[in-house]
Amino acid sequence: MYSGLPVKIGRAAEGDTFEAAVLAGLARRPRAVPAKFLYDAQGSALFDAICELPEYYLTRTEIAILRDCVPDIAALAGPGRQLVEFGSGSSTKTRLLLDGLHKVAAYLPIDISVEHLEASSRRLRRDYPLLPVVPVYADYMDMPVLPWLPGAADAPRLGFFPGSTIGNLDRHEAREFLHNARRLLGRGGALVLGADLKKDPEMLHAAYNDSAGVTAAFSLNLLLRMNRELDANFDARAFAHDAFYNSGEGRIEIYIRSLCPQWVRVAGRPFFFDTGERIHTEYSYKYDLGDIDALSASAGFVRARTWTDPHRLFSVHYLTAAGDEPG
Ligand SMILES: C[S@@+](CC[C@H](N)C(=O)[O-])C[C@H]1O[C@@H](n2cnc3c(N)ncnc32)[C@H](O)[C@@H]1O
């Protein structure tokens with residue numbers, strides 16, 4: 001029925017996207033490379049390692065919340081949904097939904113890290129042999145359509161966007177993402193959204209500056225990816241991971257900082273980095289419930305239910321299309 005190979009949608013699969021983004025991002029000031037390029041096969045494996053770190057409270061807290069609230073989500077969603085996950089990674093949290101929802105019609109994991117997507121989908125097919133798993137290789141910011149699924153075409157869609165991935169989008173992008181997700185999820189669609197909450201800056205700082213240096217390796221892998229794919233000659237030891245909480249903006253800001261004056265060649269072009277010069281790689285916006293309400297409303301969603309942990313570190317929301325009843 002399904003080939004098992006990822007379905008490509010939009011421009012994610014175009015080979016020159018990374019090169020064009022890097023050359024443009026290094027040429028301008030301030031320098032920046034979009035966060036989605038942190039995720040090649042190595043980046044995805046390093047992100048999985050981050051999820052296991054003691055300082056990275058996000059993953060284990062979200063999993064604990066989901067364990068408790070999946071029965072509520074199942075009751076709200078009703079049976080027979082297509083489950084559509086944006087930025088699915090290893091699809092680990094998804095298993096809680098697959099086990100707890102009633103009669104999932106199909107699972108569509110969407111990710112830009114295509115090898116990781118294929119491997120995760122293979123594992124899911126092995127563990128859920130009766131479930132149609134249709135991986136989608138796409139940039140979720142550039143998704144005009146979802147694949148049409150014979151046999152599940154009429155199943156209403158439930159979106160899943162966990163992992164605080166929404167935090168990587170700035171306010172404008174987050175609204176644009178939700179607006180498009182609402183359209184893709186269609187009539188009767190709903191979205192389960194995991195968002196990290198504002199909290200003690202020291203705890204946030206530790207989560208993005210772990211003592212084992214895994215987050216630093218994840219950041220600096222971007223330079224190694226340029227070496228692998230763009231014939232660049234970065235010496236990753238001459239750069240450092242730089243992450244801090246900007247309380248005014250309510251976000252973690254992550255940069256790669258040059259430790260000395262140096263020339264680097266990328267795809268045949270020379271770039272000079274002075275000591276302290278930075279490349280911006282990622283934001284992680286932190287939310288409160290008022291922010292979620294405002295963002296949801298601006299994209300045509302309503303926050304129907306929210307679940308948090310006892311320490312209010314992380315939040316999971318059930319968003320319905322404005323005008324639709326939950327369920
Ligand atoms: C923070 S990780 C979350 C992974 C997983 N959902 C979880 O909760 O553990 C973000 C995931 O989104 C993917 N991703 C990042 N930007 C993307 C984009 N623009 N389009 C599609 N996938 C993207 C990454 O490859 C990665 O798997």
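Biologist: At what angle do helix 2 and helix 8 pack, and how far apart are their axes?
Modeller: Helix 2 (residues 41–51) packs on helix 8 (residues 214–230) at about 180°, and their axes are 9 Å apart. That makes helix 2 roughly antiparallel to helix 8. Angles over 145 degrees count as roughly antiparallel, under 35 as roughly parallel, 65 to 115 as roughly perpendicular, and the rest as oblique. Axes are lines fitted to C-alpha atoms, for helices over the stretch in contact, with angles from 0 to 180 degrees between N-to-C directions. Helices (H or I, at least four residues) and strands (E, at least two) are DSSP runs numbered from the N terminus.

Biologist: What sort of model and numbering is this?
Modeller: It is a predicted model: local features need pLDDT of at least 70, side-chain atom pairs count only at pLDDT 80 or more, and totals for chains, interfaces and linings use all residues. Residues are numbered from 1 along each chain as its sequence is written, and side-chain values use heavy atoms, leaving out hydrogens and water.

Biologist: Back to the pair. Which residues of helix 2 and helix 8 meet?
Modeller: From helix 2, Gln42, Gly43, Leu46, Phe47, Ala49 and Ile50; from helix 8, Val214, Thr215, Ala217, Phe218, Asn221 and Arg228. Contact means heavy atoms within 4.5 Å. By class, this contact of helix 2 with helix 8 has 7 nonpolar, 4 polar and 1 charged residues. Nonpolar covers Ala, Val, Leu, Ile, Met, Phe, Trp, Tyr, Cys and Pro; charged covers Asp, Glu, Lys and Arg; the others, Gly among them, are polar.

Biologist: And helix 1 on helix 8, at what angle do they cross?
Modeller: They cross at roughly 125°, and the axes come within 11 Å. Helix 1 and helix 8 are therefore oblique to each other. Phe18, Glu19 and Val22 in helix 1 meet Leu222, Arg225, Met226, Glu229 and Leu230 in helix 8. By class, that contact of helix 1 with helix 8 has 5 nonpolar, no polar and 3 charged residues.

Biologist: How do helix 6 and helix 9 pack?
Modeller: Helix 6 (residues 171–185) and helix 9 (residues 289–298) pack at about 55°, with axes 8 Å apart. Helix 6 and helix 9 are therefore oblique to each other. Arg171, Ala174, Arg175 and Leu178 of helix 6 meet Asp291, Leu295, Ser296 and Ser298 of helix 9.

Biologist: Where is the cis peptide bond?
Modeller: It joins Arg29 and Pro30, with omega about -5°. Pro30 lies in the loop between helix 1 (17–27) and strand 2 (31–32).

Biologist: What about phi at Lys103?
Modeller: Lys103 is not a glycine, but its phi is positive, about 50°. Lys103 sits in the loop between helix 4 (94–100) and strand 4 (106–111).
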